[in-house]
Amino acid sequence: MNSHSRTTSFSAINPRPVRRPSVSSRLSFAVSTAERGEVPPENGQGIVAQHQIEEELAKIKRYEDFTTIDWVQDAAREQLRRKAKRRRAGRLDTGRRDWRRRIQESYDAAQGWIVITIIGAAIGLNAAFLNICTEWLSDIKLGHCKTAFYLNENFCCWGEDNGCDDWQRWTGFEPLNYFIYILFAVLFALTSATLVKSYAPYAAGSGISEIKCIIAGFVMKGFLGFWTLVIKSLALPLAIGSGLSVGKEGPSVHYAVCTGNVISRLFAKYRRSVSKTREILSACAAAGVAVAFGSPIGGVLFSLEEMSSYFPLKTMWRSYFCALVATAVLAAMNPFRTGQLVMFQVHYDRSWHFFEIVFFIILGIFGGLYGALVMKWNLRVQAFRKKYLTNYAILEATLLAAATAIVCYPNAFLRIEMTESMEILFLECEGAEDYRGLCEPDHRVRNILSLLLATVIRIFFVIISYGCKVPAGIFVPSMAIGASFGRMVGIVVQAIHEANPKSVFFAACQPDIPCITPGTYAFLGAAAALSGIMHITVSVVVIMFELTGALTYILPTMIVVGVTKAVSELFGKGGIADRMIWFSGFPFLDNKEDHNFGVPVSEVMITDVVTIPANSLTLKVVEQLLAKDSYQGFPIVEDEVNKILIGYIGRTELRYAVDRMKRERSLSPLAKCTFTPSPYESTVTPITPRTPGGLDYINASSSSSAAAGASTTVDFSPYVDATPVTVHPRLPLETVMELFRKIGPRVILIEYHGRLTGLVTVKDCLKYQFKVEAAENPRDDSHLDLEQERMWSLMLRAADWVSDKVSNASGGRIRLRDSLDHRRGSSPRDILDGTEEGVDDGGVELESRS
């Protein structure tokens, strides 16, 4: 968008001033014509040409990568379509409505709910498939079932608490089991990373940050495509099964939204309207969280609190229904054969005591500190990965899996899959399985040390693993960290109580009844860590409530989450998803932030704007403007001197109009282009071309037809937005940012007394915001660059040492150094993942706020 444009001068004749019609007048003119079924005298194609143009333009815009959707234009187009459809139906209604028409109308009215139902069922089926595959891949590293190789340990030992004879370790020699465990982890990670890199690079990561931007109107071609859905569904169980410190709950949102996008595109209603597709994507995000946590209401609240910048009541109802269908299908599939939607679902039958609030506050403080620590260091790792490890995505994921397996196998709580560990840590000691003496008083010191070590190790691996090029979420790893820390605190509190049962502090405890339940501390610690890393509150409380079904623990959960939120705000606003948006430089205005810049929009606007005079350009000059990729649209002015604003035309619309006209007729490069209606015609701008080619031939001389090429006028006025969003230069910048959030225009023009003075985009607002923040909090990051250089040099020396040892051990037959040297000099991959540097992809690269 004119971000680095220069003022271009064109010779212009003085046209008669043309009044810019309002939105209502333009719509009423077009709707009345379409509804009556009439063809205007100057238009040979009428409503047919109009729909053809709209369909072709919408199809072109769907394939414009790294651009933003203009929600104002989309809303006007949808309103026009609805009004025209209703009036045509009334015109054709002769008093008798046959059964076919009644069925068609009923289908149109119910199509949205039909699509939501199909999508919800597909999401539920996919979630059940992923749960089954993930559990088997996680267990196969430790052993196999003798009776049926395809069964995981729970199904193989159904009804048994501590294993059975049918489940057998791979060997009786523990060091060999250790090696097999590492081998499987490396194999799964290698396969997952290879699938992602080779077939769908967008399947890597969580996807929540990108989906937030897509729902807000940012176009990322292929991110919600069919192949991304397939590869995400195949690679996600492999990534979880490899033991990497990543979770499947974040990617669940991504594959759910992919499912909604793929299925909705099968229906013309959603292919035509971007705003309707946005409703579907918001509903799918809710369903993704619902199947991940078994929490349909929590999923709806998560979509409202975290994902959607626009969430009307209709979208809330559809999100609720989609989440309901998805969870119902998942419950019908019953992947765990326990009636539970997720493995770590648990029920508590004991209450809590008010003296425990002190320890709940400690858990909340831990959650806030954990989120701040992980976000700070993970973004530094992401910067290092982006700068040095772009060409080593598969190798990085494989080495991370190997390191995770080597370090985690000796620890009983890190060896097993994270959801299984949470299930164990959440349980009460009485009447439940005692995993490796977790409930034994004699093993308390060992368990405390083991849980503390598990917390520290898991935090480290989450920092370095989240963001590697495999499907990777951070919800469950954070919850597992909080659960291990919370269980440790619970064991400590239990030991203090048993050592001092008569203390006044524990006076509320009843005799002969267990007073402290360490499992609830694990549960609350998980809530604190999840809230700390995502900076969400209400949805966490509801999700945790739906996981336990215990009304008595709503208040402790609210206390813990509230303390976590307060501590988190001390270290900056925004969770890990928001930080990743800032890190990637996506044009997203967060509605959670309040700004008080105290400057008018004129301080931010671009003043060197490339404009198009209304009546003086030739077709050759227009094509020269289109050849420059730096312009995404052009304001239309009367002439370059007075700069009276007439309208705005987007680059896509202008490119389409030129191609369509040249395709239908032979045009001279000297043909004059007009972007306003003739002063002798109606002041209402028609939205369809006047002839099939959109041309209005005006002969300069009735006796001379040879000069028709030069005297031909190419009429682009049907493609001009005569009512762009305009504001006064003195309007506060905060209000302009609110306009971008609420109505979503691609660009806002600045005019003073009808004269164009500049324009502003979301990117310009974000640049100014980051500039102000950098001025308020200056810092020198040069030492970080030096540290990254030292780390990279150390990694290269280690790689060279390993390659030399391998070469010597193999007698020179295996030479890793040559392949490493080749990789160091290789160019970046051709497939964009939305974060490349130095690639002109039409997106933005803003300064990192990390």
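Q: Two strands are said to pair if DSSP finds at least two bridges between them; how many bridges join E3 to strand E5 in this predicted model?
A: Two bridges join E3 to E5 (residues 633-637), and because the definition asks for at least two, the strands count as paired; they run parallel. Within E5, valine 637 is the bridge partner of proline 613.

Q: Why are strand E3 and strand E6 said to stand at the edges?
A: The three strands form an open sheet in the order E3-E5-E6, with mixed pairing. E3 (612-613) and E6 (645-650) each have a single partner strand, so one side of each is left without a neighbour in the sheet. Helix H25 (residues 651-664) packs on this sheet, where H25 touches E3, E5 and E6, and its direction makes about 75° with that of E6.

Q: What makes helix H21 largely enclosed by the rest of the structure?
A: Nine of the eleven residues of H21 (residues 538-548) are buried, so the helix is largely enclosed, where buried means under 20% relative accessible area. Among these buried residues are Val540, Ile543 and Glu546, and the buried set packs against helices H11, H12, H19, H20 and H22. H21 is followed by glycine 549, whose phi is positive, near 70°.

Methods
Residues are numbered from 1 along each chain as its sequence is written. This is a predicted model: local features need pLDDT of at least 70, side-chain atom pairs count only at pLDDT 80 or more; totals for chains, interfaces and linings use all residues. Side-chain values use heavy atoms; hydrogens and water are left out. Helices (H or I, at least four residues) and strands (E, at least two) are DSSP runs, numbered from the N terminus. Contact means heavy atoms within 4.5 Å. Axes are lines fitted to C-alpha atoms, for helices over the stretch in contact, and angles run from 0 to 180 degrees between N-to-C directions. Buried means under 20% relative accessible area, exposed over 50%, partly exposed in between (1.4 Å probe, protein chains only).
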